[in-house]
Amino acid sequence: MNKDALRIDAHQHFWNYDPTSYLWIDGGMGRIRKDFLPRDLEPLLKEHMINGCVAVQARQNDEETQFLLNLAKNNPFIMGVVGWVDLLGDDLEGKLESYVSQPLMKGFRHSLQDEADPAFILQPGFQKGLRLLHKYNFTYDLLIKTPQFQATLKALESYNEMPVVLDHMAKPLIKTGEMEQWRKDIFALAKQDRVMCKLSGMVTEADWQSWKFEDLEPYLDIVLEAFGPERLMFGSDWPVCLVAAEYGEVIRAVERYISKLSASEQSQIMGLNAKKFYNL
């Protein structure tokens with residue numbers, strides 16, 4: 001690993017914790033039921049020679065986006081923000097116009113995995129919203145699981161220009177070892193060459209108490225084959241990862257896996273791809 005190359009954590013979160021705003025943080029996640037702010041992450045980035053990070057939304061409201069932008073403006077190591085905006089809202093274009101003037105605003109995400117309708121993305125209004133994101137040069141982070149794949153494939157096949165990145169490898173069932181359908185879906189999505197994939201969120205899909213590198217490896221093999229080094233980027237998913245692994249353990253797992261690649265390919269995955277995708 002070239003430690004002098006640009007290294008970016010392309011996926012992490014911040015929050016001031018309260019149980020009503022973060023209902024997804026359940027009782028089994030005691031480790032992360034507290035505040036996580038830039039002062040908590042900055043020492044970890046320095047320890048592991050990470051130059052900067054991309055802060056991703058963890059709540060679906062406009063206040064979340066402004067919260068992250070304010071943190072980024074006051075902490076130079078936060079290189080960009082992936083916020084939330086109501087893609088179905090009547091005032092969407094006006095909001096996007098206001099965000100264009102904020103250079104730290106890079107893209108947006110909606111938690112499709114939590115929608116009751118697996119075809120939520122196919123709503124005409126949502127499709128229109130995605131096209132507006134592209135019009136204003138924003139990226140889109142795709143948060144889905146297996147039930148949302150078919151609708152997502154159909155939605156993305158209808159146009160092929162906006163930069164899209166798949167978060168957390170679509171959360172494969174690492175704990176149970178299932179992968180057949182997920183593998184088919186990954187290869188189908190990867191056929192669209194403007195779609196990238198984050199090597200993130202793996203340890204929380206494995207057995208939190210007993211996961212080992214060998215549990216992750218088959219899934220990493222699949223995304224590497226499907227996307228290639230030029231369309232993968234490292235993300236820690238800190239602090240969510242802490243329910244299963246320390247920050248350093250997450251980095252070391254990815255570094256161990258990509259150590260078989262060339263130095264230039266490793267540099268792509270550990271920072272250069274994120275820099276290009278998010279225009280950091």
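These legends go with a set of close-up views of a predicted model. Local features are kept at pLDDT of at least 70 and side-chain atom pairs at pLDDT 80 or more, while totals for chains, interfaces and linings use all residues. Residues are numbered from 1 along each chain as its sequence is written, and side-chain values rest on heavy atoms, with hydrogens and water left out.

**View 1. Here is the largest pocket, with about 630 Å³ of space.** A pocket is an open set of points on a 1 Å grid over the protein atoms alone, with protein on both sides within 12 Å along at least five of seven lines, and a lining residue has an atom within 4 Å of a point. Points are joined across faces, edges and corners, and the volume is the space filled by probe spheres set on them. The lining runs to 27 residues, with Trp 24, Gln 113, Asp 114, Leu 143 and Lys 171 nearest the centre. Sorted by class, that makes nine nonpolar, eleven polar and seven charged residues. Here nonpolar covers Ala, Val, Leu, Ile, Met, Phe, Trp, Tyr, Cys and Pro, charged covers Asp, Glu, Lys and Arg, and polar takes the others, Gly among them.

**View 2. Next comes the second largest pocket, at about 210 Å³.** It has 14 lining residues, and Met 105, Lys 106, Asn 137, Phe 138 and Asn 279 sit closest to its centre. Helices (H or I, at least four residues) and strands (E, at least two) are DSSP runs, numbered from the N terminus. The class tally for this lining is eight nonpolar, four polar and two charged residues.

**View 3. Strand β3 (residues 78-83) is largely enclosed by the rest of the structure, because five of its six residues are buried.** Buried means under 20% relative accessible area, exposed means over 50%, and partly exposed is in between (1.4 Å probe, protein chains only). Val 56 stands opposite Val 82 in β3, and Gly 83 stands opposite Phe 108 in β4.

**View 4. Helix α1 (residues 38-47) has Pro 38, Leu 41 and Leu 45 as its buried residues.** They cover an arc of only 70° around the axis, which puts them on the same side of α1; the arc is taken over directions from the helix axis to the C-beta atoms. On the face turned away from that buried side are the exposed residues Arg 39, Lys 46 and Glu 47.

**View 5. The largest cavity has a volume of about 60 Å³.** A cavity is a set of grid points where a 1.4 Å probe fits but cannot get out. Helix α8 (residues 247-258) supplies the largest share of the lining, three residues. Among the lining residues are Leu 199, Met 202, Leu 216, Cys 241 and Val 254. The lining has eight nonpolar, four polar and no charged residues.

**View 6. The second largest cavity comes in at about 30 Å³.** Its lining includes Leu 112, Asp 117, Phe 120, Ile 144 and Thr 152. By class, there are five nonpolar, two polar and one charged residues.

Note on methods
Pairing = 2+ DSSP bridges.
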